[in-house]
Amino acid sequence: MMNQRGAAGLVVLTAVALTVPAGVAVASPLPGAAAVASHGKAEDNLYMSLGSFEEATSGADPEVKAMIDRADIGGVQVVAPWKALEGKKGQYTWSRLESALKYLQQRHKKLFVQVQDRFFDVAMKDAGVPQYVKDEGGLAPTVDENPDNPTSHGAMAAQWNTEVRADFQAMLKAMARKFDGRLAGVNLPETAVEVDTTADQTAYTSASYIDAEIVNMRYGKKVFTKTQFIQYINFLPDDDDHRRMREMLDLARDKKIGVGGPDTLPDREYQMENSYKFLHAYKDALPLVAMAVQEPDIAATDPRTGKPYTRERFTDFAHDYLGARQMFWTPEADWLRTPPA
């Protein structure tokens, strides 16, 4: 399976694309799909870890702090590890999210929260899940193999374990009680995770993994009734016929769940043959498409030009082809380091 590596712990800004990229074929609307999405201008937001956000707003990173205050930035998506929200089992801590929300509200900005249960380029012991999950054997080793980065290893919560999933859902429910209607969006992270079956002790199977993603997707929408709930979907293991991906997109369409992805890589073959073509086909039937532009993306080569992607390529493709209305940008993007026009 080919995975696209996600970034756990970054801050992203969202940008809007207004023009349709040349040479991109547009699929026909889905039969019987009601058009619910409005493809007005996309909104740009910053994307970062909760810790990086706190560092910036404290003044320790004045450059990023200034980015948050830009008039062309609508808000911030913070990546909040499960561990940051729950220490001991059933004991939830919301003070950090409350502080982030207050800071942004005072500046008339929005807060999106990505609840992170999978971690890349980390040792198992350093994965950001509660210690009790680790102690109870609820953590699975992962391997990340993709064409843009060297093979790396990480870990994720074993959501296919019913007890782990119940604990995760209890946290989501408690979070919804506290923040539903106050946050602009809550999203679960990318689906492109490959468990290292040679070292796994959690009884992982690709089918049980996808089943668990779908259950959590349904549950998130159930508890977040006022805040837009979003599921990032990029690659799925052992889904060569894309049957399970269609199942997830059908669910998103029918239950009005937002969809997005951790990377915007226009015209990259392995992306175009996976989630991108489905986002394109379903975009008019989804309540929201939200796409991120992370550090690896801004360094990637545009297959059209042989040079790094430009801001315009990112935004045009995300908005016009994928239907994105929210974009989350790494603060490493060059355009954020120049004053807005």
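**View 1. N274 in helix 9 and the residues around it.** In this predicted model, N274 sits in helix 9, which spans residues 269-282. Is N274 buried or exposed? Its relative accessible area is 17%, and because buried means under 20%, N274 counts as buried. Leaving aside residues up to four places away in sequence, N274 touches N234, F235, H242 and M245.

View 2. E55 is partly exposed, and its relative accessible area is 43%. Which residues does E55 touch, not counting residues up to four places away in sequence? They are A60 and D61.

View 3. The largest nonpolar core has 94 residues, and the members that touch the most other members are F53, W82, L97, V113, V115 and M175. Which helix gives the most to this core? That is helix 6, residues 162-179, with eight residues. L97 is a handy place to start looking around: with residues up to four places away in sequence set aside, L97 touches L50, V78, L85, L111, V113, M175 and F179. Another core, of nine residues, lies apart from the largest one, and Y47, F112, L288 and F328 are among its members.

**View 4. Helix 4 crossing helix 6.** Two packed helices are described by the angle between their axes and the distance between the axes. For helix 4 (residues 95-106) and helix 6, the axes come within 12 Å and cross at roughly 35°. The crossing of these two helices, helix 4 and helix 6, is right-handed. Which residues make the contact? Helix 4 brings L97, E98 and L101, while helix 6 brings M175, K178 and F179. Sorted by class, this contact of helix 4 with helix 6 has four nonpolar residues, two charged residues and no polar ones.

**View 5. The aromatic pair of W160 and Y209.** The model has 15 aromatic pairs by the count used here. One of them joins W160 and Y209 in an edge-to-face arrangement, with 6.1 Å from centre to centre and 75° between the planes. W160 lies in the loop between strand 7 (149-157) and helix 6, and Y209 lies in helix 7 (residues 206-223), so the pair ties together parts that are 49 residues apart in sequence. Are these two residues buried or exposed? W160 counts as buried, at 9% relative accessibility, and Y209 is buried too, with a relative accessible area of 0%.

View 6. Y309 is buried, with 7% relative accessible area, and F314 counts as buried at 2% relative accessibility. Which residues do ring pairs link into a cluster here? The cluster is made up of Y309, F314, W329 and W335.

Notes:
Residues numbered from 1 in each chain as written. Predicted model: local features only at pLDDT ≥ 70, side-chain atom pairs only at ≥ 80, totals over all residues. Heavy atoms only, no water. Core = buried A, V, L, I, M, F, W, Y, C linked by side-chain atoms within 4.5 Å. Buried < 20%, exposed > 50% of the residue type's maximum accessible area, 1.4 Å probe, protein only. Helix = DSSP H or I, 4+ residues; strand = E, 2+ residues; numbered from the N terminus. Contact = heavy atoms within 4.5 Å. Axes fitted to C-alpha atoms, helices over the stretch in contact; angles between N-to-C directions. Left-handed = near helix turned anticlockwise from the far one by under 90°. Nonpolar A, V, L, I, M, F, W, Y, C, P; charged D, E, K, R; others polar. Phe/Tyr/Trp six-rings, centres within 6.5 Å; stacked < 30°, edge-to-face > 60°.
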